[in-house]
Amino acid sequence: MGSVTDTTNQYAGKKITVIFVLGGPGSGKGTQCANIVEHFGYTHLSAGDLLRAEIKSGSENGTMIQNMIKEGKIVPAAVTIKLLQKAIQGSGNDKFLIDGFPRNEENRAAFESITGIVPELVLFFDCSEEEMEKRLLSRNEGREDDNIETIRKRFKVYMESSLPVIHYYSNLGKVRKIDAGKPVDAVFEDVKAVFQKVAA
Ligand SMILES: Nc1ncnc2c1ncn2[C@@H]1O[C@H](COP(=O)(O)OP(=O)(O)OP(=O)(O)O)[C@@H](O)[C@H]1O
Ligand SMILES: Nc1ccn([C@@H]2O[C@H](COP(=O)(O)O)[C@@H](O)[C@H]2O)c(=O)n1
C-alpha cells in the first residue's frame, strides 16, 4: 500500500497516476475534466456519473443510490469505490481524473485502505455558492438533483463533509486551487498550468 507522500501507485499489476478533482456542485469539475482528457490524455471517472449509471443498470443498489442523490447525501464508500475500481480496471489507461470523489472522510479513508491508491494531486475548483447555484439551475440536463431544494442540501454537505477532505490534502501540500468563477476558457488556462507541471 502507498504512503500519503508516495504517489507511485501499483494497482492491479500496473503503475497508475490518480488526480482527484474536487469542488462544490456546479463549480465546473466535469466541464474542465473534458478539457483535460482532450489535452492531456487522462481518463475521466466521475463518481456521480458512475452512480447514475448504476441506477440505470437496474442494480440492487439502484433505489438506495437514487434516494441518496435526491437528498444530496453521500452514498456509502464501499458502493462508490467498487464502481471506481471496476472502471479503473476496465480502462486501458494509466492516468485517471477521479471527479467528485472523495466527498467525505469516509470516502477518503476507505479508498486509501481498500485500494492503497494515493493521489498525485488534488485539483480544487473554488467557486462562490451564488455562481454555482446559477450554473446548476441553468444546467438543463434533467438531473433530479438540480432543483433548488436539493441544491441547498448539496451545498450543506459540501461545506460540512467535502471541504474537510480538501483541507486534509491541503495539509499534505497536494491541493492546487483554481479560481473556478472565471469563464470556462480562462479556468482552463489555469488548469493547463497545473498539468504542464505534472507532465514536467
Ligand atoms: N467557468 C464556467 N462558467 C460558466 N458556466 C460554467 C463554467 N464551467 C461550467 N459551467 C456550466 O455550469 C454547469 C455545471 O458545470 P459542470 O457540470 O462542469 O459542474 P460540476 O462541478 O461537474 O457539477 P456537479 O458536481 O454538480 O456534477 C454546466 O451547465 C456547465 O456548462
Ligand atoms: N463520491 C460521491 C459522489 C457523488 N455522490 C452522489 O451523487 C450526487 C451527484 O454527484 P455529482 O458529482 O455528479 O454532482 C451527489 O450529490 C451525491 O448524492 C456520492 O454519493 N458520492
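Residues are numbered from 1 along each chain as its sequence is written, and chains are lettered from A and ligands numbered from 1 in the order in which they are written. Because the model is predicted, local features need pLDDT of at least 70 and side-chain atom pairs count only at pLDDT 80 or more, whereas totals for chains, interfaces and linings use all residues; side-chain values use heavy atoms, with hydrogens and water left out.

Grid points are joined across faces, edges and corners, and a volume is the space filled by probe spheres set on the points. The elements that each supply at least two residues of this lining are α1, β3 (43-46), α2 (47-56), α3 (62-70), α7 (148-171) and α8 (184-199), and α2 gives the most, with five residues. Helices (H or I, at least four residues) and strands (E, at least two) are DSSP runs, numbered from the N terminus. By class, the lining of the largest pocket has 14 nonpolar, 14 polar and 13 charged residues, where Ala, Val, Leu, Ile, Met, Phe, Trp, Tyr, Cys and Pro count as nonpolar, Asp, Glu, Lys and Arg as charged, and the others, Gly among them, as polar.

Ligand 1 sits in the largest pocket, in the sense that more than half of its atoms lie within 2 Å of the grid points of that pocket. Of the 16 residues around ligand 1, K29, T31, R139, R154 and K182 come nearest, a residue being near a molecule if one of its heavy atoms lies within 4 Å of it. Polar contacts (pairs of N or O atoms within 3.5 Å) to oxygen atoms of ligand 1 are made by the side chains of K29, at 2.7 Å, of T31, at 2.5 Å, and of R143, at 3.1 Å. The protein covers 77% of the 630 Å² of accessible area that ligand 1 has on its own, as computed by the Shrake-Rupley method with a 1.4 Å probe. Both α1 (29-40) and α6 (129-137) supply at least two residues of the shell around ligand 1, with the largest share, three residues, coming from α1. This shell is made up of four nonpolar, six polar and six charged residues.

Ligand 2 also sits in the largest pocket. It is surrounded by 16 residues, of which R52, K73, V75, G100 and R103 are the closest. A polar side-chain atom of R52 lies 2.9 Å from an oxygen atom of ligand 2, and a polar backbone atom of V75 is 2.7 Å from an oxygen atom of ligand 2, whereas the contact of N107 runs from a polar side-chain atom to a nitrogen atom of ligand 2, at 3.1 Å. Of the 450 Å² of accessible area that ligand 2 has on its own, the protein covers 96%. Two or more residues of the shell around ligand 2 come from each of α2 and α3, and α2 provides the largest share, four residues. The shell around ligand 2 divides into seven nonpolar, three polar and six charged residues.

The second largest pocket has a volume of about 180 Å³, and its lining consists of R52, I55, Q66, I69, K70, E141, G142, R143, E144 and D145. The elements α2 and α3 give two or more residues to this lining, the largest share, three residues, coming from α3. By class, the lining of the second largest pocket has two nonpolar, two polar and six charged residues.

The structure holds one cavity of 30 Å³ or more, and the largest cavity has a volume of about 50 Å³. Its lining comprises L22, G23, K29, G100, P102, R103, Y158, S162 and I166, to which β2 (14-23) and α7 give two or more residues each. The helix α7 gives the most to this lining, with three residues, and the classes represented are four nonpolar, three polar and two charged residues.

Technical notes. Polar contact = N/O pair within 3.5 Å; in protein donor to acceptor, adjacent residues only side chain to side chain. 1 Å grid on protein atoms, 1.4 Å probe; cavity = no way out; pocket = protein on both sides within 12 Å on 5 of 7 lines; lining within 4 Å.
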